[in-house]
Amino acid sequence: MIANRTVTVFGAYGHTGRFVVSQLRKRGWTPILSGRDADKLNLAATEHPGSEVRVASVDSPQSLDRAISGAAAVINCAGPFLDTAVPIVEAAIRSGVHYFDVAAEQAAVLNVFERFADVARVAGIVIAPAMAFYGGLGDLLATTAMGEWDCADEICIAVALNSWKPTNGTRLTGQRNTGRRLVFSNNKLERVDPPPGRSWTFPAPFGRQDVAALSLAETITISHHIRAPEIRVFMNLAPIADLRNPDTPVPTPEDESGRSSQIFVMDVVVRRGSAERRIVARGRDIYAVSAPIVVEATQRTVNNPGKIHGVVAAGEAFDARDFLNSLSPEHVVVETL
């Protein structure tokens with residue numbers, strides 16, 4: 001058993017950060033609450049008596065070094081990750097601790113893969129961006145569906161949400177994350193307009209829905225380690241409309257854990273020639289479910305030192321099916337169709 005069970009959570013007082021802190025404590029880890037706002041950190045600490053508070057800012061490398069000093073890993077929950085990922089990854093490398101985040105932005109995730117791959121391998125640490133609902137879950141599902149296949153002709157991921165009440169952090173990220181998105185087509189990432197929408201028949205309770213092409217972290221993580229010339233990601237239209245509406249409220253807790261009533265289905269189809277494989281994940285609250293995903297990744301990495309290192313995607317770093325089984329049925333229900 002690893003002696004050091006301390007993990008720094010940067011952005012610990014944010015919406016997703018609070019779920020991450022709770023999940024760490026539930027599993028017997030000791031979270032260090034970190035972020036730039038001392039008042040919010042101290043308020044968050046009242047919910048978790050005994051938790052250490054360390055104020056830090058991405059503008060101060062010394063404060064980041066202090067925030068993760070003595071920790072086995074750091075989980076970055078503070079978006080926009082275009083602004084926070086690089087400084088915290090650099091601090092993790094200086095301190096020799098593992099780094100995880102819950103980023104959905106393509107540009108931030110791609111930058112981490114391109115910028116830190118060599119230095120992370122030399123440092124002997126794991127850097128794992130997008131270890132969350134966006135990026136991580138789709139990657140694990142696609143990897144599981146691939147099974148023994150060494151390549152596929154096409155991977156399609158379709159996400160259905162009954163609604164999307166975005167956090168303030170999500171809105172801030174959207175404002176920061178401007179510009180043309182990346183699609184993976186013809187075996188390469190391209191900055192082109194997304195392909196046109198289509199319809200998709202989801203499992204219950206969603207059924208047939210019009211969907212639009214989506215450009216998020218899955219495109220980066222899956223193309224990093226799975227050979228498929230076409231990777232397509234879609235979402236049904238209702239949550240996209242919610243996200244674009246400035247009057248859509250923030251998530252409202254509906255149970256003692258703080259989860260909202262939002263439900264999701266993530267439907268993944270992998271095609272090779274005439275053969276298709278399909279796997280589906282169902283659950284509640286895309287923010288809440290990111291916590292067990294990133295904490296499970298942290299736990300597996302810290303408990304198995306030296307097994308993996310470098311910048312990694314979820315399905316590349318871990319046994320994807322076993323990882324999904326560890327989340328089910330408490331957090332997600334996974335079914336092969």
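# Exercises on burial, cores and helix packing

I220 has 3% relative accessibility, so I220 counts as buried (under 20% relative accessible area is buried, over 50% exposed, in between partly exposed; 1.4 Å probe, protein chains only). The model is predicted, so local features need pLDDT of at least 70 and side-chain atom pairs pLDDT 80 or more, while totals for chains, interfaces and linings use all residues. Residues are numbered from 1 along each chain as its sequence is written, and side-chain values use heavy atoms, without hydrogens and water.

**Exercise 1.** Decide whether S260 is buried or exposed.

Step 1. Locate S260: the loop between α9 (237-244) and β13 (263-272).
Step 2. Apply the cut-off. Relative accessibility is 9%, so S260 is buried.
Step 3. List the partners beyond four places in sequence: P251, T252, E254, R284 and D285.

**Exercise 2.** Describe the largest nonpolar core.

Step 1. This core has 108 residues, and I127 and F133 have the most contacts inside it (a nonpolar core is a set of buried Ala, Val, Leu, Ile, Met, Phe, Trp, Tyr and Cys residues joined through side-chain atoms within 4.5 Å).
Step 2. Helix α10 (residues 286-303) gives the largest share of this core, ten residues.
Step 3. Look around I127. Beyond four places in sequence, its contacts include V89, Y99, F116 and V312.
Step 4. Another core of twelve residues lies apart from it; C156, A158, F206 and F234 are among them.

**Exercise 3.** Work out how α10 and α12 pack.

Step 1. The angle between α10 and α12 (residues 320-327) is about 125°, and the axes are 10 Å apart (axes are lines fitted to C-alpha atoms, for helices over the stretch in contact; angles run from 0 to 180 degrees between N-to-C directions).
Step 2. Name the residues. P292, I293, E296, A297 and R300 of α10 meet D322, F323, S326 and L327 of α12.

Notes
Helices (H or I, at least four residues) and strands (E, at least two) are DSSP runs, numbered from the N terminus. Contact means heavy atoms within 4.5 Å.
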